[in-house]
Amino acid sequence: MFLDKFYPKKYVRSIYSINLKKFYKQGYRGILFDIDNTLVPHGAAANDKAVNFFKKLRKIGFKVCLISNNKEERVRPFADAVEAPYICDARKPSTKNYIEAMNIIGTDIEETIFVGDQVFTDVFGANRANMYTILVKQINPKEEIQIVLKRYLERIVLYFYVRRDRKELRKANKKYNKKRMLSLGIKKKLHIGKDASKKNIQDKGAESVECMEGVENINSVENKEIQNENNV
Ligand SMILES: [Mg+2]
């Protein structure tokens, strides 16, 4: 579908809900970050939380680089505070500076993640550069008028994205339930998994997409319930 190039691989509520260690274990070594409304509200200085977040990234072993369409006077002080290299005036969604950022930190496309808050600049550019893309919900909903207009279009893209992921989640749960029940020798349909996934599916926006990652959580709830049912 033509909208695929705007779809992130993952859509999360904030940078703090990204399972960093899991990505490191999977072989990712570099993360590129947009700044405004991804790490802090638009134009805001780096707060303690952001500074600690970058310390944590480095402690895990990630190489990081900031890549922003904003000007040097905005980007440099932020980069200094979090002690990260940066590219300003990056002209995202042009792929040139995504590649340049990877050169700076010395990682390949297959091991680099991009994190940003805008579909048509951040995600589109990173997808074109063939990187793993994570979209975060923008921190501050009050934005400049030109961004507000873009957000309306983003909502349309995200509507289709969320719908696709809900379908995949249902499919994944259905498959898991069937397999699990068969392995436990349960022939009767329990509806437990169905209810658990329904509850998650009812969550909207980022939350509902996050439950793709939460398939395991749903399943662990379901596991417990199936086990209890089995013990009766
Ligand atoms: Mg941004």
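Predicted model: local features only at pLDDT ≥ 70, side-chain atom pairs only at ≥ 80, totals over all residues.
E72, E73, P77 and D80 are exposed on one side of helix 3, while V75, F78, A79 and V82 of that helix are buried.

- Helix 3 spans residues 72-82, and its buried residues are V75, F78, A79 and V82.
- These four cover an arc of only 100 degrees around the axis, so they sit on the same side of helix 3.
- An α-helix has 3.6 residues a turn, which means that residues three or four places apart point the same way.
- The cover over the buried residues of helix 3 includes helix 2 (48-60), strand 3 and strand 4.

- An open sheet is built from 6 strands, arranged in the order 1-6-5-2-3-4 with parallel pairing.
- Strand 1 (10-12) and strand 4 (86-87) lie at the edges; each has a single partner strand, so one side of each is left without a neighbour in the sheet.
- Strand 4 pairs with strand 3 (residues 63-67) in the parallel sense, over 2 bridges.
- In this pairing, L66 stands opposite Y86 of strand 4.

**A helix on the sheet**
- Helix 5 (residues 119-128) packs on the sheet, where it touches strand 5 (112-116) and strand 6 (132-136).
- The direction of helix 5 makes about 165 degrees with that of strand 6.

Notes
Residues numbered from 1 in each chain as written. Pairing = 2+ DSSP bridges. Contact = placed C-beta atoms within 7 Å. Axes fitted to C-alpha atoms, helices over the stretch in contact; angles between N-to-C directions. Buried ≥ 20, exposed ≤ 12 C-beta atoms within 10 Å, placed from the backbone. Arc of directions from axis to C-beta.
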